[in-house]
Every structure is written in structure tokens, then in C-alpha cells.
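Work through the exercises below with the sequence and the 3D structure at hand. Try each task before reading its solution.

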Amino acid sequence: MNINNGVASTSSPPTASRLRILLSIPDAERDAFISPETRSALKELGEVTEIAPAGLQSLDAFATAAADKDAFITAWGFPRLDAEHLAAAPNLKCVVHAASSLHALVSEDFWTTGIPISQAGAAMAPAVAELSLTFTLALLRRVHQLDHSLRTGATWDDARNVQRAREISGARIGVVGASRTGRRYIEACRALGARVCVYDPYLIKGDPLAASSATLTDLMAHSDVVAVHAPATPETAGLISAAELALLPDGAALVNTARSTIVDMDALYKEVYSGRIDAALDVFGQEPLPVNDPWRSLPNVLLTPHLGGATVDSRRRAGGIVVDELRRFINGEPMEHALTRTDLERMG
């Protein structure tokens, strides 16, 4: 018997050793997640039916595909697991989400079932941390400004006339959020000689990062680069407001590969537009970012289209996590990356 947030469920591995699996990943991403090796491993675990989320959008189509399935492997676009969809999948015993966020997938009705659910967000942490580090190095070395100058017709001397670059060794790096991605980023920055401080109100005594803890005010006021790695929750909405941004030293930079809601984007734009600070962003208030969005015209920003976690390697890791989680479920073991409703509220 599984217990989830106080709700008992008789959900348990099927008595047979093989699962009936519905694999539903968008066509454009399926081969990235499910390599030939991963597909073979899944077939060893059970009978796999592959249907992209686009083919499951009507309740009738979903019911036809899901009625006899023991396990779902989901990703973006999969129908929300509300009461109607759960009723159409009476044999469902576990769900493994190949991506990260579960907010669009699960409902209150789902949590009452006690069906275990897991996700592969851990696969993306190294990739997002690496992009954040890439941004940090580029901003410190003024690569974005130098590249923009040379590409837009500036003279050689004018292109060279930027604020002197910094090395990451000895630089002051402030990290907002000691998430798994934040911790990977901190590890990489420290390996390169940076001085790191962390703001996270949930750091506990004994945590290796506790000695580097700082208030948000002190972190913003004394950092050369601030990197955002907190979850998007009601608590973190607008956490970095105009007041916090104003504390950044002249010539500092902000990196956000987490969620745009954590930062007051209008206030950030004003600071960056003024030239006082620089920024690197992988996330935006409106996505896709409109072609005429003013962020696109600033010479002192680095912009990427929300692809921080999307590498060849991270997708392969995610596929491996999916296989491992289903194998644990079949063996009657707890899934390593299982989440509860409380976990989801904390993660954002």
C-alpha cells in the first residue's frame, strides 16, 4: 500500500513482471529522450505503446489508449490527469514524467489516488547549471558587448572601449536558491576560484552551504554576478524587485536560467537599458519572446530561448532515469525521484 499526503492507495506493482506502458512524448523530442538503447530497455520492462500527446487530446482517444495501461511515461502536452482522465485509466499504477515540472500534468484529483509519480528533472540540472556558468563567464569577460560591437560596425578601437573584463577567479558570485541546479553551479564556480555566497531561507544547520549563507540584501549589494536558481513559487514571485536590483554594484550582472517570475522583469529592463548592469536570460515573461520585444535590441544582454536544460546529454539522462524509475517500481522499490504534493509546492 502507498501512502501519499495521508491518502492510502492500493496502487502497487502489477503481479506480472511486465508493465503495460503508454509512452507519450512529443514527436520532436521523442528520439532525444528515447534512444535505441532506452527503447530496448523499456521493452524489457513491458509492452510499450507509443502515442504522441497530440494524439491523446480528446477524451475518447485518451481512453482508448490508456484503458489497460499500468504506467504512463509523459512529457509536455500530455492530458492533465484530472478526474475524467483518471477514470479512463482504471489500471494506472505509476507515472514517470520525462521532463521536470508537473504542474500542468497533475490535479488535486490525482493526488487523492495515491498513485506514485516521478520526474526526470534531475537530468536537466547539470545542463542548466552549465549554461548559467557559460553566461557568467561571458558576462564577466564582456563577450556579449564585444561581439555586439564588432557585428554592428563599431571601429576596432570603439569595440575595445568597454569596461575592463573580469576573471571568474576571485569574482564575487551570489546565488539565489540552493536548488540542485544551484548547487551544481556553485560547485563549478568554486572550482574556478570564485567566491560564492548563497541566499536560501531553507538552508539548514549542517548544510555544506550554510557557511556561505547571506541575506538577499547583502548578496545583491556585494556580488559581481547574481545567478538565479530558485523555484517559481508564490513565495519567490517578485523576490528580486527594483529595490534589490538597485543594490547591485555598477558593472554587475544578473543571470536567470530559472523562472522569469522571480525577477521584476520591467525593473531589470530599466537597469540593463541604462547600461548600469548587464544580464543574461534564458527565461522571459512572455514565451516565445516576440520578435519586436525590446530585450532583443539591448547590446549588453545575452539571450537564449529557454533551452538551458535541453542538451543531447540531458535528454539521454532523462531517458535513463525513466527506465530506472520503472525498474524500481516493478521491483517494489521506492522510485528515487518520486514527488508528493508537498514536494511540488516547494519546487514550484
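Axes are lines fitted to C-alpha atoms, for helices over the stretch in contact, and angles run from 0 to 180 degrees between N-to-C directions. Helices (H or I, at least four residues) and strands (E, at least two) are DSSP runs, numbered from the N terminus. This is a predicted model, in which local features need pLDDT of at least 70 and side-chain atom pairs count only at pLDDT 80 or more, while totals for chains, interfaces and linings use all residues. Residues are numbered from 1 along each chain as its sequence is written, and side-chain values use heavy atoms, leaving out hydrogens and water.

**Exercise 1.** Describe how helix 2 and helix 13 (residues 312–330) cross.

Solution. Step 1: their axes come within 10 Å and cross at roughly 15 degrees. Step 2: angles under 35 degrees count as roughly parallel, over 145 as roughly antiparallel, 65 to 115 as roughly perpendicular and the rest as oblique. Therefore helix 2 is roughly parallel to helix 13.

**Exercise 2.** Name residues of helix 2 and helix 13 that meet.

Solution. Contact means heavy atoms within 4.5 Å. On the side of helix 2, Thr38, Ala41, Leu42 and Leu45 take part; helix 13 supplies Gly319, Val322, Val323, Leu326, Arg327 and Ile330.

**Exercise 3.** Is threonine 257 buried or exposed?

Solution. Step 1: threonine 257 sits in the loop between strand 11 (253–256) and helix 12 (265–273). Step 2: buried means under 20% relative accessible area, exposed over 50%, partly exposed in between (1.4 Å probe, protein chains only). Step 3: threonine 257 has a relative accessible area of 7%, so threonine 257 is buried. Step 4: leaving aside neighbours within four places in sequence, its contacts include Val128, Phe135 and Asp282.
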